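Hi everyone, thanks for making time this morning.

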Protein chains: 2
Amino acid sequence: MLFPMKRFDTDLSDGQLKEKILDAADKRFKTQGFKKTAMAEIAGDLGMSTANLYRYFPSKLDIAESFAIRCFITKEQSLKAVVEAENMSSSEGLRAFALASLHYNYQQLQEYPAINDIVVALCAERPDLVERKRSGELELLALIIARGKKSDGWCVGDINELGEAILTSWIMFTTPTFMQHQTLAQLEKVLGDILNLTINGLRPRT
Amino acid sequence: MLFPMKRFDTDLSDGQLKEKILDAADKRFKTQGFKKTAMAEIAGDLGMSTANLYRYFPSKLDIAESFAIRCFITKEQSLKAVVEAENMSSSEGLRAFALASLHYNYQQLQEYPAINDIVVALCAERPDLVERKRSGELELLALIIARGKKSDGWCVGDINELGEAILTSWIMFTTPTFMQHQTLAQLEKVLGDILNLTINGLRPRT
DNA sequence: ATAGTGAATATTTAATATATTATTCATAGT
DNA sequence: ACTATGAATAATATATTAAATATTCACTAT
């Protein structure tokens, strides 16, 4: 073999440094947004050269993409805890899931307004991410629907189609532009009304 | 009296010219959007000076606002015809109303992509218009809900709150940004699924 | 007084030059 | 070969200026 093979711990150390870079980017992105964060800043925070960042990520946009995916995973883990709570009926579970999602989004937007900037940039440049996010949450919602079908006889045809319909009816509560014009109380009220209708629609006819 | 009173037909003729101006603005706005339409173009189309426009509208933005309100009224009239159709059950009426609204929005966006530009400008500068539009459509939707309550025993608490919830669940079908990424068939499918759920939720329990 | 205008002024937008920043690459140290 | 860097280049953003456009106003005609 002409070239020696990689050291077996290369992936690990690479992975660790990638995480460090993402940690640094995370802080900058959340406070400054995408455009106003410079590669030199991220590198500086880590005491390394700008050029070295490119050994770990092909571009700034790719850092933002990985950052976004980490955000998705964090939110999904937080929602997963809600889905897995055992002390609720299916209806209460669905309600809790929707409210948890709203509260999470609202709080993030409140704490890091610059996030809006990243959302806009990624929606334009990496449209697949939108689908990635939706499908992650759909997977969790599908668990709730499946449980409701089994234990409460919810009227469900195709679980994924139903899940997509429900998620679509929640767009107002996941889109920064819309959320920004309303108070949390207003959002909770309307979401509650939508949920009443949805849950009623799911319950079986006697 | 020092100043003679207004000629009694002044309001009428003023009103007529205002309409003429709006007709001219309509053509320009729909094809060129807000920013790219110049006051000089509108005036030129009418064979008058730019300055004269200001005798009828205080600003370009006010012309756009009146234009938007005319658009709302046109859409509302078209929806009103659907609401007033006698040959449908309440459920069919609701379904027809939602689909008519989607088709109207989709067709407008398809025929006049520049409309997006006007929507953005007006949402930023005249946020009240959003509320004006919503309340206009809410009024019509409320008629359908009231009829369903009366004739089919739909479970309705506050009609307006329910109407707002339903309209909110339809945001995806009234927002250019979202519509642009989907085909009409996709939009129809998801809206149909949402409607199934909604209508099921409204029907009384036996 | 009412309808209208040309010309002056104030804002916006478009074009350009300038400066930052992203990205690449040849090279050094291990 | 692996990690890393400084310096070069390419792409973007910022600042500056020029041009276009919105808006005002003093004035004409009726």
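**How chain A meets chain B**

Let's start with the contact itself: 25 residues of chain A touch 25 residues of chain B, where contact means heavy atoms within 4.5 Å. Before I go on, a word on the ground rules: this is a predicted model, with local features needing pLDDT of at least 70, side-chain atom pairs counting only at pLDDT 80 or more, and totals for chains, interfaces and linings using all residues. Residues are numbered from 1 along each chain as its sequence is written, chains are lettered from A and ligands numbered from 1 in the order in which they are written, and side-chain values use heavy atoms, leaving out hydrogens and water.

Now, which surface does each copy use? 100% of the interface residues of chain A are also interface residues in chain B, so the copies meet through the same surface.

How much area do chain A and chain B bury between them? About 2,100 Å², with 62% of it on carbon and sulfur atoms. That is the accessible area (1.4 Å probe) that two parts lose on being put together, summed over both. Of the area that chain A buries against chain B, Thr168(A), Leu197(A) and Arg205(A) supply 30%, more than any other three residues.

On to the charges. There are 2 salt bridges between chain A and chain B, each being a side-chain nitrogen of Lys or Arg within 4 Å of a carboxyl oxygen of Asp or Glu. Glu161(B) and Lys189(A) meet through their side chains in a salt bridge, 2.7 Å from N to O.

As for the elements, helix 8 (159–168) and helix 10 (184–202) of chain A each give two or more residues to the side that touches chain B. Helices here are DSSP runs (H or I, at least four residues), numbered from the N terminus. Helix 10 of chain A brings the largest share of that side, 9 residues.
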